[in-house]
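Subject: Structure handover

Hello,

Here is the structure for your files. My notes follow below it.

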Amino acid sequence: MNAPRLVVDDISVLRVNTPRPVLNQISLAFASHELVSICGHNGAGKTTLARTLLGLCPVAKGEITLNGHPLHNAPRGQIQMVFQPPSAQLIGQTIFEELAVTALQRNPSLTRTQLEPFVQDCALRVGLRAPIHADVHALSGGELQRLCLAQALASQASVLVLDEALSSLDPATRTSLRRELRDLTVSHGMTILMITHDMEDVLVADRVVVLDLGEVRLDASPRDFFYDEAGQASPCSVLGFHPPYLVEAAITANQKWGAALKPLTEEQYVEELSHVPVP
Ligand SMILES: Nc1ncnc2c1ncn2[C@@H]1O[C@H](COP(=O)(O)OP(=O)(O)OP(=O)(O)O)[C@@H](O)[C@H]1O
Ligand SMILES: [Mg+2]
């Protein structure tokens, strides 16, 4: 891992009327270029963690640092969140207005002539192909999600937190946005934290963190999460998640032919399977 950009050091978060801490002694570190899935059953503390990273929930104990500075001293806007539903965060009338407001907050010296190509570029980079003067209220769910990603680009944030932001989209849009997120980590060095219940999202991540009752239960690679040594239950199953179809197919092949397939993509599945001496 590169040097950590965002460090969560032994934090605990308390909420009123909850008998135990909602987050209890959480320690995590996230680097640039990393795409991390954050999973956990309902009430595990995922949204609370996201809100705490945004500075919205007070920390009772421990510290969060961004590029070595305590979060409250870090430059504003470095951590952006994509909410669900995305329309909850719209303030502009058109795509241009929406992105221009964000860009100007970050860089007030941008001129009108510079603004238009900048906004256009942010939209295109996340595959938002609607005209930039289109009304935001006429956009589809997938286009709105792309607009929120474009907004994160316009804000030049270094950390993007998505709280189940892809959950209401159709499978094809979800697949395409996963690819865009992956590309953002590569092209912009962004750190992306993707809170999700969808195990397909975990397949594209560099790491998966599982929260349970406010504590970190697992921090591992997707491969180590989905697969275990032959005959053993994987951490994914042990922690009560249902693996994606691809993983199920590989595990079935392993049981049937004594193979040790551990693919995370269809291409890897086909490639690994081609080396198995199938009777
Ligand atoms: N404002 C609040 N006041 C009191 N308790 C809260 C508050 N917000 C969250 N909680 C409690 O904190 C725990 C964690 O909630 P959180 O919303 O972080 O879970 P989650 O992992 O995001 O769950 P889900 O998958 O359902 O979105 C829950 O028990 C919840 O009831
Ligand atoms: Mg939540």
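The side chain of Glu34 makes a polar contact with the side chain of Arg207, at 3.0 Å; a polar contact is a pair of N or O atoms within 3.5 Å, where within protein one must be able to donate a hydrogen and the other to accept it, and residues adjacent in sequence count only if both atoms are side-chain atoms. A polar atom of the Glu34 side chain also lies 2.9 Å from the backbone nitrogen of Ala31. Glu34 sits in the loop between strand 2 (23-31) and strand 3 (35-39); helices (H or I, at least four residues) and strands (E, at least two) are DSSP runs, numbered from the N terminus. Glu34 counts as buried because its relative accessibility is 8%, buried being under 20% relative accessible area, exposed over 50% and partly exposed in between (1.4 Å probe, protein chains only).

The model is predicted: local features need pLDDT of at least 70 and side-chain atom pairs pLDDT 80 or more, while totals for chains, interfaces and linings use all residues. Residues are numbered from 1 along each chain as its sequence is written, chains are lettered from A and ligands numbered from 1 in the order in which they are written, and side-chain values use heavy atoms, without hydrogens and water.

Ligand 1 is surrounded by 14 residues (a heavy atom within 4 Å). The closest are Asn42, Gly43, Lys46, Thr47 and Thr48. Oxygen atoms of ligand 1 lie 2.9 Å from a side-chain N or O atom of Thr47, 2.6 Å from a polar side-chain atom of Thr48 and 3.0 Å from one of His197. Taken alone, ligand 1 exposes 640 Å², of which the protein buries 62% (Shrake-Rupley method, 1.4 Å probe).

The largest pocket holds about 920 Å³ of space. A pocket here is an open set of points on a 1 Å grid over the protein atoms alone, where a 1.4 Å probe fits, with protein on both sides within 12 Å along at least five of seven lines; lining residues have an atom within 4 Å of a point. The volume is the space filled by probe spheres set on the points. Its lining has 32 residues, with Leu54, Arg76, Gly77, Ile79 and Gln80 nearest the centre. Helix 2 gives the most, five residues.

The second largest pocket has a volume of about 580 Å³. Of its 18 lining residues, Thr175, Arg178, Glu200, Leu203 and Leu264 lie nearest the centre. Helix 5 gives the most to this lining, with six residues.

Regards
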